[in-house]
Amino acid sequence: KTASQDVIVSMLPVLDDFDRALEELKKAKDKELLKGVELISNKFRSTLRSKGLEEIEVKEGDIFDAEIHEAITQIPAPKDKLKGKIVDVVETGYKLGDRIIRY
């Protein structure tokens, strides 16, 4: 179980790279290239999901919870309704089973 966790944790930067690549490819005109990279990304994600990896769903405006979120900085809230809430998500968080492996 620990070896599996180590391998999956080492794959998280690859997931991040896929996200960044897909965002850039969406701006490009080559839709076939985008489609190909999406297929590879989806297969990679489904393989990791089958091993127990789950993405922690977080979005701007969610209430900050130190149990599942990691604050990298504090800034003045740009809007009053965002005080004490998440302003931006820098990295996606993940769980492996019931354990958080990246906040």
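Mentor: Let's start with a word: a residue is buried when its relative accessible area is under 20%, exposed when over 50%, and partly exposed in between, using a 1.4 Å probe on protein chains only. Buried residues make up 26% of the 103 residues in the protein chain. This is a predicted model, where local features need pLDDT of at least 70 and side-chain atom pairs count only at pLDDT 80 or more, while totals for chains, interfaces and linings use all residues. Residues are numbered from 1 along each chain as its sequence is written, and side-chain values use heavy atoms, leaving out hydrogens and water.

Trainee: Why is Val90 called exposed?

Mentor: Val90 has a relative accessible area of 61%, and exposed means over 50%, so Val90 is exposed. You can find Val90 in the loop between strand S1 (53-56) and S2.

Trainee: What makes a set of residues the largest nonpolar core here, and which residues have the most contacts inside it?

Mentor: Such a core is a set of buried Ala, Val, Leu, Ile, Met, Phe, Trp, Tyr and Cys residues joined through side-chain atoms within 4.5 Å. The largest has 14 residues, and those with the most contacts inside it are Ile8, Leu12, Leu15, Leu48, Leu53, Tyr94 and Ile101. Helix H1 (2-27), helix H2 (31-50) and strand S2 (93-96) each give two or more residues to this core, and H1 gives the most, with six.

Trainee: Which residues does Leu12 touch?

Mentor: Contact means heavy atoms within 4.5 Å. Leaving out residues up to four places away in sequence, Leu12 touches Leu53, Tyr94, Ile101 and Arg102. Across the protein chain, 61% of the contacts with a separation of 6 or more are between residues 24 or more positions apart.

Trainee: How do you know how the protein chain compares with a compact globule of 103 residues?

Mentor: We use the radius of gyration, taken over C-alpha atoms, and the globule rule, 2.2 Å times the number of residues to the power 0.38. A compact globule of 103 residues would come out near 13 Å, but the protein chain has 16 Å. The C-alpha trace spans about 45 × 40 × 15 Å along its principal axes.

Key. Helix = DSSP H or I, 4+ residues; strand = E, 2+ residues; numbered from the N terminus.
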